[in-house]
Amino acid sequence: MTRAWSMLTTMLPAGGGLRDEDWTRRHRLLTILLAAGIPLLTVVGAFRDEGLDAAWFITVALVLPCVIAATAMTSKRLPSILVAVGFTALCGGFVAVCHGLTEAHFTYFVVVAALALYRDWAPFLAFLIGTVLHHSVLGALASDRTYDHHEAAQHPLMWALLHGLAVLGAAAFQVIAWRLTETEEKRAQENLDESQAQMTLAFDETPVPMVMWSPDGRLLRANDAYYAWMRLSRPLPMDFRLEDLPLVAEPGEENIFGEMLAEGDAVTVTRAYRRTGDGSRIWVEIHSNGLRDKAGRLRLIFVHCIDVTAQMEHRDELRRQLRVDDLTGLLSRKGFEDDLAALLTGQPGPAGVIYLDVDRFKAINDGAGHAAGDDVLRAVADWLRAVVPAGSLIGRLGGDEFVVGLGGPVETAAATARSVIDSFGTPLPVAGNTSRIAVSVGVAVADRPDLAEHALLAADTAMYAAKKGGGNRLAVFNDQMRVDVQQRITAEAQLRRALEGDLDETLPVWFQPIASSVSGHIIGAEALVRMRAADGGILGPGHFIPAAEETGMVVPLGEHVMSTALRWLMRWRLELGYVSVNVSPRQLSEPGFVPMVARLLAEHGLDDPSRLVLEITETAVLAMSDDLQERLDAVKELGVRIALDDFGTGYSSLTWLQSVPADVVKLDRSFVSGLAGDVRKSSIIVAVLGLATSLNMSVVAEGVEEPDDWRALAAAGCPAIQGYLISRPVPPAGFERLLWETPPVAPAPTSELLPL
């Protein structure tokens, strides 16, 4: 029995489940319908033949108290039962007024469905019981008022049963619908509960601060992360508002909530705030979304906050590093360019730019160490701060290059630059010793913000002019320098295009013979690159080699020259002893230089690497470092020979012959030209030849243009000569003809020409 009852209860609806506001709305509707039944019954009764008879009076007397009581009571169950009783009386009265009309009984079916709205067994069962009693009792006592046919009058109980079963059948389907609705609602509630649990977990347990605000700025809900991040204590007052947060927006960023309200939907902004507790500054990335109802009204604003203070501080630090040089505390290149443009924007008139470079700084850095070099740079920065006018812009562009910007014409900048040069006369302690610092200075002027970068380049150009003039001096940018800069830019563009084209066509390699001073036979050749201009003309190296050095394009250019020289050497391997190739300091500084040389030797199949001679200049020797020394030693290990080019110029001395692993010394033309009539030059030549012989080196005299000079060199024992007297540089085809032609006759040596 218990089991059957348990099964029955599981099959039947549980009832209830309505929220108070939903039950109230349904009860009000049913009460109004019950009350409306009285005037409806009155109208029906008035049109009957009997008029408003006793049945009408009894029905109204029963229904009206039920309406009044159901309206006045505040509980739920009893008012709903009274409504059910009232509907039972109203349906019975309607049937009685209609003299048992069968169609009048349909009202019972309507009321069964209506009372199911309560979702409560009490009013539902009260109506079913009242219906059965009406059909059975009144059907027996007043059959003519209950049923409108003779059969029902003869057998009232049977017809009461039939009508009751019909009503119960309608009620059964209402119960089934009721039960199915409860099942669906239960499933929906379970899904809702799961969604709410997920939302609660995602909202409350996430480490990201989240909060919900009402449109009027009241706090509706916040997670633990928000309380902790905002440093709020629980519980908060019920009327806690946005303005009660312990944060103050930075000036100009106060109306973020207004933006959220105006936008309504997704808003993402990053704002700065100050904590009211300790005054610390925080940066917050705010993401908000508005929740709207079906009518489109904004119900709440959901916000989650990401503290990006660390990222913003890192960004500010990066910006500071971009603007400030860490070593000296001066402006960086970018910071100086930005501030110079701002200076030109904010003041009338021009601004001068002073560009400084420390003379021979590399010698200090390499000789005393990088720490000493850093001390020098910091000292230069301090000197500049002390010498230049207050309010001037001072920056370090990198390495040993500094720049100053100040308002005024070029004369003002030049006067300041002279003061700077004079101030560097004081000796500076460096690595336990004192050293005098000298600077080369260039000055230029700009009169528009968009010309700030051009002024910096112009001052840089003027500084290089000062350095080429010997250093420790001032140069002011002029029109001739402007022409030089334009030519340099043009040469750079031409060289870049040439390197992108057919190298044998755009950058042809010519050869100048190196001949025996005794026989005049060609024993070697120097490979010299040329550039073919757009009009087909040939440009000498002076037009593009400086640009190649400055831009680094000399590296691929040098590889092209070496590869081409080796290719022609292999073609002339029976007629030509060796080929000589110039190597710039920039090429030697490349870590891949030695592997490149080894690769080209292997590619061209040169069995005797000594037939390749690499010429290095005194500039490379003066910049000699441990890395460069190792690189030259590695070249020697390949079997390639090294020649010291332009010996006798710059800072050369005979001691370089002992420190550089050279195989050949090439005497500069300044010592060769006019040698036959200059006793001092003759003495130098004899000394170099003697030292070279003792060091097992060969000597080539460059710039030989006169027969007397050739004769003098031959008499002194110089083994090889090179110059226009033998031949100018010529294309490969022309050089090939020189190899096959009879060499010029060597003049007979005359010992009286040289003091041997």
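Tutor: What follows is a series of questions about this predicted model, each settled by setting a value against its cut-off.

Student: What makes Phe 511 and Trp 572 a link between distant parts of the chain?

Tutor: Phe 511 belongs to strand E14, residues 509-516, whereas Trp 572 sits in the loop between helix H21 (554-571) and strand E18 (578-582), and the two residues are 61 apart in the chain. Both Phe 511 and Trp 572 are buried, and they form one aromatic cluster together with Trp 568 and Phe 735.

Student: How do you know that Arg 234 lies over the face of Tyr 227?

Tutor: The distance cut-off for a charge over a ring is 6 Å from the ring centre, and there is a limit on direction as well. Arg 234 is at 3.8 Å from the ring centre of Tyr 227, and it is found to lie over the face of that ring. In another case, the charged end of Arg 728 sits over the ring of Tyr 724, 4.0 Å from its centre.

Student: Why are E2 and E3 called the edges of the sheet?

Tutor: The sheet is open and has six strands in the order E2-E1-E6-E5-E4-E3, with antiparallel pairing. Strand E2 (219-222) and strand E3 (247-249) each have a single partner strand, so one side of each is left without a neighbour in the sheet. From one strand to the next, the twist averages 35°.

Student: How do you know that E1 pairs with E2 and also with E6?

Tutor: Two strands need at least two bridges between them to count as paired. E1, residues 210-213, is joined to E2 by three bridges, and four bridges join E1 to E6, residues 298-307, so both pairings pass the cut-off.

Student: What makes E5 and E6 a hairpin?

Tutor: Strand E5, residues 281-292, pairs with E6 in the antiparallel sense over nine bridges, and five residues lie between the two strands. Gly 296, in the turn, has a positive phi of about 85°. Within this pairing, the bridge partner of Asn 289 in E6 is Phe 302.

Student: Why is the contact between Arg 396 and Asp 325 called a salt bridge?

Tutor: The cut-off is 4 Å between a side-chain nitrogen of Lys or Arg and a carboxyl oxygen of Asp or Glu. For Arg 396 and Asp 325 the N to O distance is 3.0 Å, so the contact qualifies as a salt bridge. Arg 396 lies in strand E8 (residues 393-398) and Asp 325 in the loop between helix H12 (309-323) and helix H13 (333-346), 71 residues apart. A search of the whole structure finds 28 salt bridges.

Student: What makes Asn 223 count as buried, and which backbone atoms does its side chain approach?

Tutor: The relative accessible area of Asn 223 is 0%, which is under the 20% cut-off, so the residue is buried. Asn 223 is in the loop between E2 and helix H10 (224-230). A polar atom of its side chain lies 2.9 Å from the backbone oxygen of Val 208, and the side chain of Asn 223 also reaches the backbone nitrogen of Tyr 226 at 2.9 Å.

Technical notes:
Residues numbered from 1 in each chain as written. Predicted model: local features only at pLDDT ≥ 70, side-chain atom pairs only at ≥ 80, totals over all residues. Heavy atoms only, no water. Buried < 20%, exposed > 50% of the residue type's maximum accessible area, 1.4 Å probe, protein only. Phe/Tyr/Trp six-rings, centres within 6.5 Å; stacked < 30°, edge-to-face > 60°. Lys NZ or Arg CZ within 6 Å of the ring centre and 35° of its normal. Axes fitted to C-alpha atoms, helices over the stretch in contact; angles between N-to-C directions. Polar contact = N/O pair within 3.5 Å; in protein donor to acceptor, adjacent residues only side chain to side chain.
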